[in-house]
Structures are given as structure tokens and as C-alpha cells.
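Take a walk through this structure, one part after another. Keep the sequence beside you as you read.

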Amino acid sequence: MKSRPEILIEARELAYRYPGEENISSPAVYGVNLSVKRGEYVSLIGPNGSGKTTLLKLFNALLAPTEGEVLVEGISTTEEEKQVEIRRSCGMIFQNPDNQLVATTVEEDIAFGLENLELPSSEIRKRVEKVSSALGLKHLLKHPPHMLSGGEKGRVAIAGILAMQPSCILMDEPTAMLDSKSRQDVLGAVRHLNREQGLAVVHVTHFPEEAARADRVVIIDQGRLIEQGPPSVIMNKLQLLHQLGLQGTAPSELAALLRKDGFSIPEEILNCQELVQSLCTSELKI
Ligand SMILES: Nc1ncnc2c1ncn2[C@@H]1O[C@H](COP(=O)(O)OP(=O)(O)OP(=O)(O)O)[C@@H](O)[C@H]1O
Ligand SMILES: [Mg+2]
């Protein structure tokens with residue numbers, strides 16, 4: 001049996017400059033070294049225009065590096081005959097789900113990639129059933145995708161990718177259009193696959209609370225990877241985050257204010273539970 005590499009995505013000295021942008025001094029992505037392990041959950045944060053979407057497209061073989069390389073399961077994304085395989089093992093959810101919906105009903109749309117894999121129809125039905133119930137789409141299966149709301153379209157696009165059972169999912173702000181219940185459903189389903197079946201996740205998000213739930217947070221600025229580490233460390237680098245126009249989680253921001261007012265609170269607060277626990281034992285140092 002072919003052994004499956006432990007490193008799923010590896011970017012080495014990766015750079016990308018959009019065609020026609022040769023006169024612009026900084027490329028969209030520059031000097032990025034990053035690897036994503038099987039089963040790991042990585043969030044990518046950074047200001048608008050910092051290169052996050054470009055990076056995901058490079059991981060998904062939609063763009064070819066202008067310098068350096070990307071290996072997906074050990075295969076270079078520039079190997080043209082392997083690109084279909086790369087996109088199957090590393091499925092991408094785009095920032096705008098309209099680009100991703102192709103069929104005349106939701107059910108056909110979710111099944112579209114599976115039909116191309118030539119799976120037996122009983123297996124296709126089983127997978128469509130499973131993902132549509134996990135993502136709350138069962139009542140919409142017969143509807144035309146173009147008549148759905150933005151959030152519903154986003155969930156259909158995610159269902160179509162998850163039905164392919166990829167090794168990794170690349171999500172570009174997948175919850176930007178979702179209400180809070182749908183956001184929980186979608187991230188809950190992805191989290192479940194991550195924990196239970198080792199689905200690796202690369203999640204671009206502008207929500208600090210979402211980024212904080214990853215195994216690792218990576219900060220991108222002006223096309224470069226400028227920091228990475230556990231969420232408890234990265235989401236508490238408030239000076240850096242604020243400089244970039246980003247924020248920590250609400251509890252980490254509040255912890256910083258309380259520290260300023262003299263409360264002794266540890267540096268690595270991420271969520272309400274940690275903040276409340278530390279407040280219960282904290283003393284005002286005045
Ligand atoms: N098709 C394109 N042609 C030329 N330049 C582009 C193209 N797409 C993006 N860029 C430029 O590349 C840089 C990175 O863009 P990218 O979309 O990767 O940023 P992003 O971090 O995803 O931003 P956002 O948070 O707004 O989604 C930006 O300066 C952008 O203007
Ligand atoms: Mg983007």
C-alpha cells in the first residue's frame with residue numbers, strides 16, 4: 001500500500017506575483033514557508049489584501065508559484081496531470097460560493113464531484129444524505145442553488161467538498177455570510193471531521209473567536225508569514241494584531257484591559273472560562 005505522507009501541504013519559499021503586476025514592488029505572496037500536517041487545524045489571519053486567498057489558491061493548484069513550490073501529499077502543484085487529484089485531496093471553499101455551484105438542484109450539486117469519481121449511485125446517495133443532514137440542508141435538496149440565500153449557498157458548497165471525503169479542506173472565510181446558528185453548524189461539522197476522521201483544515205477567517213479554536217494560528221501580512229504559533233500565544237499578541245488592524249478574542253482583549261487596571265491575570269487568556277477562572281483567583285495589585 002502507498003504510504004501517506006504525514007505532511008499534507010508544504011510550501012517552500014513560496015512566492016506569487018499576479019500577471020501584469022510586475023511593476024508593483026511587492027508580490028501578493030512572498031517567501032512563505034509553511035507546512036500543514038495530516039489532521040491539523042490551521043487558521044490564517046491577516047488584513048484585507050494580505051495574500052490569504054492567493055495562498056489558498058496556490059495550495060489548491062489553481063495558481064502556479066512564480067517562485068518556490070507547493071507540495072500536496074508530496075506532489076508538486078505544477079504537475080499538471082496531478083492537479084485533479086490535488087484538488088480532490090485538498091478541496092477549496094471559495095470566498096464567494098456562487099463561483100462554486102454548478103448543477104440545477106442542491107442534491108445534484110452536492111453529488112457533482114462524486115459523479116465525476118464514478119462512485120456507485122448507492123454510495124453517492126449515502127454521502128449526500130450524510131453531509132446534507134450534518135449541514136442542515138435536507139429540506140433544500142430539490143431546490144435550485146441559484147435561488148438559495150448566500151448562507152445556504154455557502155453550506156451547499158461546503159457539503160459538495162466534504163462529500164468527496166478530502167484529506168484537507170481549504171476554507172476562505174466560509175462563515176462570512178452565515179447567521180450564528182449556521183456558523184455553528186458548519187464549523188461544528190468541519191470540527192467533527194477534523195477530530196474524528198483526521199480531516200486537515202486551513203481556515204481563513206476575520207473572526208478572532210474562530211481563529212482561536214485552531215491548533216495553530218498563522219498571521220499573514222503583505223504576502224509574508226509574519227508569526228505563527230498556538231492560539232493562546234498568537235491571539236494574545238495584541239500590539240501586533242492591533243497594528244495590523246486585527247483583534248484578539250473578546251476575552252483576551254478584556255484581560256488586557258483588566259491587566260492595565262492592575263488585575264493579575266495570566267498572559268494566555270483565550271476564552272470566557274479562562275478569564276472567569278483567573279478573575280476568581282486574581283488580586284488587585286494596588
Ligand atoms: N486577480 C488578481 N490580479 C491582480 N492582483 C490581485 C488579484 N487578486 C488579488 N490581487 C492582489 O493580491 C493581493 C492579495 O490579495 P488576496 O485576495 O490574496 O488577499 P486576501 O488576504 O485574501 O484579502 P481579503 O481579506 O480582502 O480577502 C492584493 O494586493 C490584491 O490586490
Ligand atoms: Mg481573501
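Start at E73, which sits in the loop between strand 4 and strand 5. Helices (H or I, at least four residues) and strands (E, at least two) are DSSP runs, numbered from the N terminus. The model is predicted: local features need pLDDT of at least 70, side-chain atom pairs count only at pLDDT 80 or more, and totals for chains, interfaces and linings use all residues. Residues are numbered from 1 along each chain as its sequence is written, while chains are lettered from A and ligands numbered from 1 in the order in which they are written.

E73 is not a glycine, yet its phi is positive, at about 50°. Strand 4 and strand 5 form a hairpin with 2 residues between the strands, and E73 takes its positive phi there. Is E73 buried, partly exposed or exposed? A residue is buried if 20 or more other C-beta atoms lie within 10 Å of its own, exposed if 12 or fewer, and partly exposed in between, with C-beta atoms placed from the backbone. E73 has 19 C-beta neighbours inside 10 Å, so E73 counts as partly exposed.

Now follow the hairpin into its sheet. Two strands pair if DSSP finds at least two bridges between them. Strand 4 (residues 67-72) pairs with strand 5 in the antiparallel sense, over 2 bridges. In strand 5, S76 is the bridge partner of L71. Strand 4 also pairs with strand 1 (residues 7-16), again in the antiparallel sense, over 5 bridges. There, R12 has E69 of strand 4 as its bridge partner. The open sheet has 4 strands in the order 2-1-4-5, with antiparallel pairing. Strand 2 (29-37) and strand 5 (75-76) stand at the edges; each has a single partner strand, so one side of each is left without a neighbour in the sheet.

Y30 lies in strand 2. Its count is 19 C-beta neighbours inside 10 Å, so Y30 is partly exposed. Setting aside neighbours within four places in sequence, Y30 is in contact (C-beta atoms, placed from the backbone, within 7 Å) with A15, G223 and R224. Y30 and Q222 are 192 residues apart in sequence, but their C-alpha atoms are 8.2 Å apart in space.

I220 has L225 of strand 10 as its bridge partner.

E173 lies in the loop between strand 7 (168-172) and helix 6 (180-197). E173 has a positive phi of about 45°, although it is not a glycine. Q83 belongs to helix 2 (residues 83-89). Q83 is partly exposed, with 17 other C-beta atoms within 10 Å. A nonpolar core is a set of buried Ala, Val, Leu, Ile, Met, Phe, Trp, Tyr and Cys residues joined through C-beta atoms within 7 Å. The largest one has 74 residues, of which F59, C168 and L170 touch the most other members. Helix 5 (residues 150-163) gives the most to this core, with 7 residues. Not counting residues up to four places away in sequence, F59 touches I9, V70, V72, C90, L170 and V202.

Finish at ligand 1. Y18, E21, A28, G46, N48, G49, S50, G51, K52, T53 and T54 surround it. Each is near the ligand, with its C-beta atom, placed from the backbone, within 6 Å. By class, this shell has 2 nonpolar, 7 polar and 2 charged residues. Here Ala, Val, Leu, Ile, Met, Phe, Trp, Tyr, Cys and Pro count as nonpolar, Asp, Glu, Lys and Arg as charged, and the others, Gly among them, as polar.

Terms used: Two residues are in contact if their C-beta atoms, placed from the backbone, lie within 7 Å.
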